[in-house]
Amino acid sequence: MFCTYCGKENPNDAKFCNACGKSFSEDSKPNRIQQAAPTKSAAEPTANMAIASLVFGICSIPTAFLAIWLSLLCGITSIVLGKISLDQKRLGKEYAEWGVRLGAIGLGISVAFIIIYFVSILGVFAFFNDLIPSLSR
Ligand SMILES: [Zn+2]
């Protein structure tokens with residue numbers, strides 16, 4: 001076999017290189033694993049994150065439509081209840097209360113989704129930030 005450090009030929013059962021003295025059994029073999037391991041362990045979380053990103057992205061599309069409709073429904077119901085309560089000044093108190101609640105829920109859903117969209121956009125930017133330097137290498 002040949003030494004991986006200096007290239008000199010050594011007996012197959014040699015534990016150390018006759019020329020440079022490097023260990024074959026303990027140094028050269030684990031060194032190859034150590035060199036391969038960081039690239040693998042660094043790639044695996046990236047792949048997991050990429051899969052998670054895809055899953056979240058796919059799930060967010062129907063959820064986004066649902067949230068838009070739910071928010072619109074809450075808002076419209078809130079307007080209708082507010083109008084009824086204005087028309088029927090005394091009887092309308094309960095309608096007004098429900099109108100305020102639904103309006104708040106609708107607004108809450110909208111704000112929550114604006115935050116989620118904002119985080120998603122940041123995620124997309126982070127993705128391209130990582131992608132562009134890796135392409136230029
Ligand atoms: Zn050597």
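D87 is exposed, because its relative accessible area is 54%. Exposed means over 50% relative accessible area, buried means under 20%, and partly exposed lies in between (1.4 Å probe, protein chains only). This is a predicted model, in which local features need pLDDT of at least 70 and side-chain atom pairs count only at pLDDT 80 or more, while totals for chains, interfaces and linings use all residues. Residues are numbered from 1 along each chain as its sequence is written, and side-chain values use heavy atoms, with hydrogens and water left out.

D87 has a charged partner. Its side chain meets that of K83 in a salt bridge, at 3.2 Å from N to O. The term covers a side-chain nitrogen of Lys or Arg within 4 Å of a carboxyl oxygen of Asp or Glu. Both D87 and K83 lie in helix α1, 4 residues apart, about one turn of the helix. The structure holds 1 salt bridge.

Now the overall fold. The protein chain has 2 helices and 0 strands. These elements are DSSP runs, numbered from the N terminus: helices are H or I with at least four residues, strands are E with at least two. Of the 137 residues of the chain, 14% count as buried. The chain exposes about 11100 Å², and carbon and sulfur atoms supply 70% of that area. Accessible areas come from the Shrake-Rupley method with a 1.4 Å probe; for residues, only the protein chains shown count as cover. Among contacts with a separation of 6 or more, 30% are between residues 24 or more positions apart. Contact means heavy atoms within 4.5 Å.

Two serines of α1 come next. S71 is found in helix α1. It is buried, since its relative accessible area is 14%. The S71 side chain reaches the backbone oxygen of G106 at 3.1 Å. Leaving aside residues up to four places away in sequence, S71 touches G106, I109 and S110.

The C-alpha atoms of L70 and I109 are separated by 8.0 Å, though the two residues are 39 apart along the chain. L70 is found in helix α1. L70 counts as partly exposed because its relative accessibility is 41%.

S85 is also found in helix α1. At 13% relative accessibility, S85 counts as buried. Its side chain reaches the backbone oxygen of G82 at 2.8 Å. Beyond residues up to four places away in sequence, S85 touches G92, Y95 and A96.

The surface carries a nonpolar patch of about 1100 Å², made by I61, F65, I68, W69, L72, I76, V80, Y117, I121 and F125. The elements that give two or more residues to this patch are α1 (24-87) and α2 (93-136). Helix α1 gives the most, with 7 residues. Patches are made of residues with over 30% relative accessible area and no salt bridge; like charges are joined within 9 Å, and nonpolar side chains (Val, Leu, Ile, Met, Phe, Trp, Tyr) within 5 Å. I121 lies in helix α2. I121 counts as partly exposed, because its relative accessibility is 46%.

Last, the cysteines. C6 is partly exposed at 37% relative accessibility. C20 is partly exposed at 39%. A search of the whole structure finds 0 disulfides, the term being a pair of cysteine sulfur atoms within 2.5 Å.

Notes. A polar contact is a pair of N or O atoms within 3.5 Å; within protein, one must be able to donate a hydrogen and the other to accept it, and residues adjacent in sequence count only if both atoms are side-chain atoms.
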